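Please give a short briefing on this protein structure for someone who is meeting it for the first time.

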Amino acid sequence: MAMLPNPLPRLAELDLRLPAGTLVDTTFEGRWHEPLLWMADGPAADDAWASLLPARAAGLQPLLIEASAPYSKGPVDWQLMPDHASYAGDHDAEEVLAEFWAGLIEEDAEDVEEDDVLAPYGAAWPGLAPAAKAVDDPDDLAAEVTADMVGSGWLENPRAALVHARRSADIPAAIGWSGPLNYESDPARLCAVLRSWEDRFGIRVIALAFDRLTVSVAAPPSTQEEAEAVAAEHYAFCPDNIDQGTYETLREYAEKAVLDVHTWSFWWD
């Protein structure tokens, strides 16, 4: 499916009343043929994400960039790889997650027991969690969450940014984000999952750091059973959240990090 022309080269003509900022075209292999994103030069205000929403009309998605040490220049330091990204619409979210799950099971085949990290599940991929029955306005929720994150200091040196992408879920692939490179080299496969979460749970990709992705969740699971089903998806999507986190099982992760939680964050080693 054809994309509309990238509006970033003519950003100054769009009358978006943006703060001073910089167009980023730096990649792992040199300069890209067009800008990958715009990033503000100064720190983000509490309402920075919400203030960028009018840019959606021009085909630009709002984002907060964590420009934290040792990558204090933000995406310029991130080794972006846009040439590694396919198109998210060419991938099926359940197929991607099932493949990831099978790979994790194969790695730990001797340790898959009912009481291990996969509890309450076993070796078989449990399938996608059901969609939320009711969804708050995803943009309103994202605006509220980002304001809280910036105001509380949860985000490290946040900068407002704009990315040319079809939808919020496509942001990582649109810039060739390499945060999950040690786990998945094509960010579009992860974006296929993000699209599915966007449809089922009203997520928005609200923040990126060098190796961390954060989404707001307008309709998180409201029962433990539903949360456990989503936790299985999280584990397939980003096993480091559990394998290198503080949770011993999917059941515990579901209870503390998914159930009625409006922010999901993922980190890849």
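Leu-63 stands opposite Ala-161 in strand β6, and this pair belongs to the stretch where strand β5 (residues 60-66) is joined to β6 (residues 158-164) by 7 bridges, the two strands running antiparallel. The model is a predicted one, in which local features need pLDDT of at least 70 and side-chain atom pairs count only at pLDDT 80 or more, while totals for chains, interfaces and linings use all residues. Residues are numbered from 1 along each chain as its sequence is written, and side-chain values use heavy atoms, with hydrogens and water left out. Helices (H or I, at least four residues) and strands (E, at least two) are DSSP runs, numbered from the N terminus.

**The sheet**

- An open sheet is formed by 7 strands in the order β1-β4-β6-β5-β7-β8-β9, with mixed pairing, where two strands pair if DSSP finds at least two bridges between them.
- Because β1 (21-24) and β9 stand at the edges with a single partner strand each, one side of each is left without a neighbour in the sheet.
- From one strand to the next the twist averages 30 degrees, with angles running from 0 to 180 degrees between N-to-C directions and axes being lines fitted to C-alpha atoms, for helices over the stretch in contact.

- β7 and β8 form a hairpin with 3 residues between them, and they pair in the antiparallel sense over 5 bridges.
- Arg-204 stands opposite Ser-216 in β8, while the bridge partner of Ser-216 in β9 is Thr-263.
- Strand β8 (residues 212-217) runs antiparallel to β9, to which 5 bridges join it, and Val-215 stands opposite Trp-264 in β9.
- In β8, 6 of its 6 residues are buried, where buried means under 20% relative accessible area, exposed over 50%, and partly exposed in between (1.4 Å probe, protein chains only).
- Both faces of β8 are covered, with Arg-212, Thr-214 and Ser-216 on one side and Leu-213, Val-215 and Val-217 on the other.

**Helix packing**

- Helix α5 (residues 187-201) and α6 pack at an angle of about 160 degrees, with their axes 11 Å apart.
- That angle makes α5 roughly antiparallel to α6, since angles under 35 degrees count as roughly parallel, over 145 as roughly antiparallel, 65 to 115 as roughly perpendicular and the rest as oblique.
- Residues Leu-190, Val-193, Leu-194, Trp-197, Arg-200 and Phe-201 in α5 meet Val-230, Glu-233, His-234 and Phe-237 in α6, contact meaning heavy atoms within 4.5 Å.
- α5 also lies across β7 (203-208), β8 and β9, and runs at about 130 degrees to β7.
- Between α6 and α8 the packing angle is about 105 degrees, and their axes are 8 Å apart.
- This makes α6 roughly perpendicular to α8, and the residues making the contact include Ala-227, Ala-231 and Tyr-235 of α6 together with Leu-250, Tyr-253 and Val-258 of α8.

**The buried side of α8**

- In helix α8 (residues 250-258), the buried residues are Leu-250, Tyr-253, Ala-254, Ala-257 and Val-258.
- These residues lie on the same side of α8 because they cover an arc of only 110 degrees around the axis, the arc being that of the directions from the helix axis to the C-beta atoms.
- Among the elements that cover the buried residues of α8 are α2 (93-107), α6 (224-237), α7 (240-243) and β9.

- Leu-8 lies in the segment before β1 and, at 0% relative accessibility, counts as buried.
- Leaving aside residues up to four places away in sequence, Leu-8 touches Leu-23, Pro-35, Leu-36, Leu-37, Trp-38, Leu-60, Leu-162 and His-164.
- Thr-223 has its place in the loop between β8 and α6, where this residue is partly exposed, with a relative accessible area of 32%.
- The C-alpha atoms of Thr-223 and Ser-196 are separated by 20 Å, the two residues being 27 residues apart along the chain.
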